[in-house]
Amino acid sequence: MKIFDRNRREDPEKRDRRRAGRNIAVVTVFFTALFFGLIGYYAYFIQFRAPGIIGSPYNPRLDKFADRVVRGSIVSADGKTLAETKTGDDGKEARHYPYDYLYVHSVGYSGKNGRSGLESLANFYLLSSHVNLIEKTVNEFQNKKNPGDSLVTTLRSDLQETASGAMGSNRGAVIAMEPDTGKVLCMVSQPNFNANELDARWQELTQDSDSKAALLNRASQGLYPPGSTFKILTLLEYIRENPDSWMNFTYNCTGTFKSDGYSIRCYHGEKHGEQTILQAFANSCNGAFAQIGESLDPVRFRELAESCFFNSALPYDLVSSKSLFSLNGDASNWEKAQTAIGQGKTMMTPLLDCMITAAIANGGTVMKPTLMDHMENAAGQAGKTFLPESEGSIMSAEEASALTEFMTEVVKSGTGSAFRDASYSAAGKTGTAETGSDSASHAWYVGFAPVEDPKIAVCVLVENGESGGRTAAPIARAVIDKYLQR
Ligand SMILES: [Zn+2]
């Protein structure tokens with residue numbers, strides 16, 4: 001029996017050619033895939049990773065960029081120069097900040113001790129030049145540097161000046177945002193320091209504890225008990241836990257809420273009397289909200305807070321602190337009541353308070369706060385645009401509209417009287433937060449306007465300002481007046 005039929009066997013030469021052909025095909029597919037993979041990664045890298053990696057302060061190659069490009073300017077949305085590079089007679093370049101103190105926590109600084117703020121975040125773009133090819137070639141021939149692109153920020157100099165002026169010598173923060181886009185319109189933090197003096201004062205600013213306080217951006221890094229501004233989230237949780245009956249809530253305020261051997265007083269011991277839920281919110285009745293707090297499920301309350309960016313990093317590209325919410329399943333009535341009125345262990349940054357307020361204004365969506373609008377080349381032609389980014393919804397449109405109604409009542413009949421005679425409709429919430437020491441309470445205001453079509457959301461925090469309604473609200477009023485009456 002023949003095992004192999006010779007006639008049916010493949011010619012060995014043919015077989016080798018076929019195998020070689022197959023190998024070539026495999027290798028071709030492999031290299032083609034590799035090639036497209038590399039192209040794909042390169043495109044991805046240039047689009048998404050390069051600005052971060054090239055812009056990283058740890059990348060030594062940046063200094064090479066600076067050898068060939070004059071660092072671009074940073075300008076406000078209304079065309080004012082906030083940072084520029086000046087070349088002296090000796091040819092030496094120096095960064096200059098025309099507004100000295102005003103933008104030190106937002107624009108930041110760039111000098112021999114490093115970079116901060118937008119100077120750090122936009123470093124890559126400021127050291128890129130998109131002048132036209134002819135100008136670039138001429139510059140190369142003359143051995144001249146190319147002018148870097150300018151960053152146009154979202155900050156408005158008129159609002160920044162108004163906010164800072166209204167704060168006076170107070171410590172604290174003011175932030176204003178466009179609710180629909182997350183564009184930051186102004187960001188003030190006090191105390192501050194002159195950005196032009198940073199290098200000269202470096203030792204003192206980083207070592208002396210009083211001076212160090214000026215380095216902190218209170219808007220995004222300062223952590224404070226939110227006081228009654230937190231009643232917004234307490235109310236939202238109460239509505240969620242009592243969808244059919246929350247509107248029937250009533251409370252008889254005698255000035256002091258007593259329970260479990262503790263007591264919580266209303267502001268200055270005021271007796272609010274019989275309160276509906278709307279009145280209790282508008283008048284910021286602590287007793288009513290302490291009672292609401294005791295009734296809440298602490299686990300669900302914590303879930304709500306965490307969905308609003310408590311206990312996690314903020315979606316924000318500059319330095320910020322994590323706001324804290326600590327209720328858990330075994331929380332006592334006292335802890336729940338304290339948390340409900342924004343005291344206890346809850347700590348919050350003014351930036352997060354502003355983001356939540358902006359979300360209520362826009363129907364429930366948290367927008368990522370941004371200070372960068374677009375880049376322009378030296379001829380003023382627009383280049384890269386930084387688009388608004390949504391961080392998802394934290395409440396339904398119905399919930400946002402219910403909270404808006406409550407916050408409108410604050411202005412109409414409650415503690416937001418600073419807005420009562422405004423030429424536009426306004427919604428807001430005051431807060432007066434005990435500091436846990438003998439020093440005066442912190443004063444808060446969060447709000448937005450106009451109610452029908454919100455254009456601006458604001459958060460004001462005045463350290464030891466004593467009264468949200470009397471100290472913080474008028475500052476917010478000045479900023480919103482300025483913006484809406486442009
Ligand atoms: Zn009360």
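**Notebook: loops, helix packing and aromatic pairs**

I started at P450, which lies in the loop between β20 and β21 (456-462). Helices (H or I, at least four residues) and strands (E, at least two) are DSSP runs, numbered from the N terminus. The model is predicted: local features need pLDDT of at least 70, side-chain atom pairs count only at pLDDT 80 or more, and totals for chains, interfaces and linings use all residues. Residues are numbered from 1 along each chain as its sequence is written, and side-chain values use heavy atoms, with hydrogens and water left out.

**Entry 1: cis peptide bonds**

The bond joining A449 and P450 is cis, with omega about -20°. I then went to P191, in the loop between β10 (184-190) and α7 (198-207). The peptide bond from Q190 to P191 is also cis, and omega is near 5°. Most residues other than glycine have a negative phi, and most peptide bonds are trans.

**Entry 2: positive phi**

I looked up two residues other than glycine. S284 has a positive phi, near 55°. S284 sits in the loop between α10 and α11. Its relative accessible area is 10%, so S284 is buried. (Buried means under 20% relative accessible area, exposed over 50%, partly exposed in between, with a 1.4 Å probe and protein chains only.) F309 has a positive phi near 75°. I found F309 in the loop between α12 (298-307) and α13. F309 counts as buried at 15% relative accessibility.

**Entry 3: A214**

What does A214 touch, not counting residues up to four places away in sequence? I listed H105, P191, N192 and F193. Contact here means heavy atoms within 4.5 Å. The C-alpha atoms of A214 and N192 are separated by 4.7 Å, though the two are 22 residues apart along the chain. A214 is in the loop between α8 (209-212) and α9. At 7% relative accessibility, A214 is buried.

**Entry 4: α9 against α15**

Two packed helices are described by the angle between their axes and the distance between the axes. I read about 130° for helix α9 (residues 231-241) and helix α15 (residues 397-413), with the axes 11 Å apart. Axes are lines fitted to C-alpha atoms, for helices over the stretch in contact, and angles run from 0 to 180 degrees between N-to-C directions. α9 and α15 are therefore oblique to each other. (Under 35 degrees counts as roughly parallel, over 145 as roughly antiparallel, 65 to 115 as roughly perpendicular and the rest as oblique.) The α9 and α15 crossing is right-handed. (A crossing is right-handed if the near helix is turned clockwise from the far one by less than a right angle, and left-handed if anticlockwise.)

I noted the contact residues. α9 gives I232, L235, L236 and R240, and α15 gives E399, L403, F406 and M407. They divide into 6 nonpolar, no polar and 2 charged. (Ala, Val, Leu, Ile, Met, Phe, Trp, Tyr, Cys and Pro count as nonpolar, Asp, Glu, Lys and Arg as charged, and the others, Gly among them, as polar.)

Is α11 largely enclosed or open? Helix α11 (residues 286-295) has 8 of its 10 residues buried, so it is largely enclosed by the rest of the structure. The buried ones are N286, G287, A288, F289, A290, I292, G293 and E294. The cover over them includes α9, β11 (250-253), β12 (256-259), β13 (262-265), α10 (277-282) and α13 (333-340).

Next I looked at T339, in helix α13. T339 is buried, at 5% relative accessible area. Leaving aside neighbours within four places in sequence, T339 contacts F230, T234, F301, F325, L327 and T346.

**Entry 5: aromatic rings**

I paired rings of Phe, Tyr and Trp (its six-membered ring) if their centres lie within 6.5 Å; planes under 30 degrees apart count as stacked, over 60 as edge-to-face and the rest as tilted. The count comes to 19 aromatic pairs. In F35 and F36 the ring centres are 5.5 Å apart and the planes at 75°, so this pair is edge-to-face. F35 is partly exposed at 48% relative accessibility, and F36 is exposed at 54%.

The F419 and Y445 rings have centres 5.2 Å apart and planes at 20°, so they are stacked. This pair links distant parts of the chain, 26 residues apart: F419 is in the loop between α15 and β19 (427-433), and Y445 is in strand β20 (residues 442-449). F419 is buried at 2% relative accessibility. Y445 is buried at 0%.

Last, I noted one aromatic cluster, formed by F230, F301, F310 and F325.
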